[in-house]
Amino acid sequence: MQLMGLMTQFEKKYGLVEGSCGHGDAMENSVTLHIAPDQMNMEKAIPGYVDPMTDEVLTDLR
């Protein structure tokens with residue numbers, strides 16, 4: 001399965017907003033907020049996965 005399909009499955013499984021995984025995801029946004037916070041438009045921010053990182057979640061992310 002292609003990467004975008006896996007991200008879509010992850011979003012559905014964990015009740016995330018469609019499109020919240022992938023480009024502009026948690027890792028990318030976290031790094032950008034750290035190195036260039038003035039470049040982030042927080043008015044467009046949407047919540048992503050905020051629950052604990054269980055073994056099941058980590059397996060799904062692999």
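Leaving aside neighbours within four places in sequence, E11 is in contact with L16, V17, E18, G19, S20 and C21, where contact means heavy atoms within 4.5 Å. This is a predicted model, in which local features need pLDDT of at least 70 and side-chain atom pairs count only at pLDDT 80 or more, while totals for chains, interfaces and linings use all residues. Residues are numbered from 1 along each chain as its sequence is written, and side-chain values use heavy atoms, with hydrogens and water left out.

E11 lies in helix α1, helices being DSSP runs (H or I) of at least four residues, numbered from the N terminus. E11 is buried yet has no salt bridge, and K12, the nearest side chain of opposite charge, is 7.8 Å away; a salt bridge requires a side-chain nitrogen of Lys or Arg within 4 Å of a carboxyl oxygen of Asp or Glu. Buried means under 20% relative accessible area, exposed over 50%, and partly exposed in between (1.4 Å probe, protein chains only).

L16 touches F10, E11, C21, G48 and Y49, again without residues up to four places away in sequence. L16 also belongs to the largest nonpolar core, whose six residues are M7, F10, Y14, L16, C21 and V57; such a core joins buried Ala, Val, Leu, Ile, Met, Phe, Trp, Tyr and Cys residues through side-chain atoms within 4.5 Å.

| Residue | Place | Relative accessible area |

The C-alpha atoms of G19 and M4, 15 residues apart along the chain, are separated by 9.4 Å.

Methods:
Helices (H or I, at least four residues) and strands (E, at least two) are DSSP runs, numbered from the N terminus. Lys and Arg count as positive and Asp and Glu as negative; His and the chain ends are not counted.
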